[in-house]
Amino acid sequence: RGDAYKGLKDDVQAVQHYLLAVERAGSADTTEARQLRLKLAWLLAASPKKQVWDGPRAVQLAKTACEGAQFETASNLLILAASYARAGNFEEAQRT
């Protein structure tokens with residue numbers, strides 16, 4: 001459902017549904033769980049809706065996903081960098 005709400009540009013609802021999905025995934029380190037974490041991190045870091053911004057949570061989610069994928073994917077690293085920037089850690093964002 002998170003994808004559907006994101007497609008409708010309803011980031012508030014998308015975040016709520018992604019949060020539920022991430023909670024259900026728990027600490028699983030599967031491709032699907034990593035993708036859920038990254039989708040949620042992206043919204044928390046880059047949404048045009050300020051009410052969903054949460055830089056520290058975005059960093060946590062993106063970092064966990066990137067570690068699980070061994071930092072291999074450029075798009076994942078972009079999400080991590082955006083998350084660091086949203087959290088105000090611009091030096092780490094540049095290094096990423």
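## How the helices pack

Let's start with H3 and helix H5 (residues 74-86), which pack at an angle of about 35° with their axes 9 Å apart. This is a predicted model, where local features need pLDDT of at least 70, side-chain atom pairs count only at pLDDT 80 or more, and totals for chains, interfaces and linings use all residues. Residues are numbered from 1 along each chain as its sequence is written, and side-chain values use heavy atoms, with hydrogens and water left out.

A few terms: helices are DSSP runs (H or I, at least four residues), numbered from the N terminus. Axes are lines fitted to C-alpha atoms over the stretch in contact, and angles run from 0 to 180 degrees between N-to-C directions.

| Pair | Axes | Angle |
|---|---|---|
| H3 and H5 | 9 Å apart | about 35° |
| H2 (residues 11-25) and H3 (residues 31-46) | within 9 Å | roughly 150° |

The crossing of H3 and H5 is left-handed, meaning the near helix is turned anticlockwise from the far one by less than a right angle. In H3, Leu38, Ala41, Trp42, Leu44 and Ala45 meet Asn76, Ile79, Ala82, Ser83 and Arg86 of H5 (contact is heavy atoms within 4.5 Å).

H2 also passes H3 in a left-handed crossing. Among the residues in that contact are Tyr18 and Leu19 in H2, and Leu40 and Leu43 in H3.

What about charges? The structure holds three salt bridges (a side-chain nitrogen of Lys or Arg within 4 Å of a carboxyl oxygen of Asp or Glu). One of them joins the side chains of Asp3 and Lys39, at 3.0 Å, N to O. That pair links distant parts of the chain, with Asp3 in helix H1 (residues 2-7) and Lys39 in helix H3, 36 residues apart.

Terms used
Helices (H or I, at least four residues) and strands (E, at least two) are DSSP runs, numbered from the N terminus.
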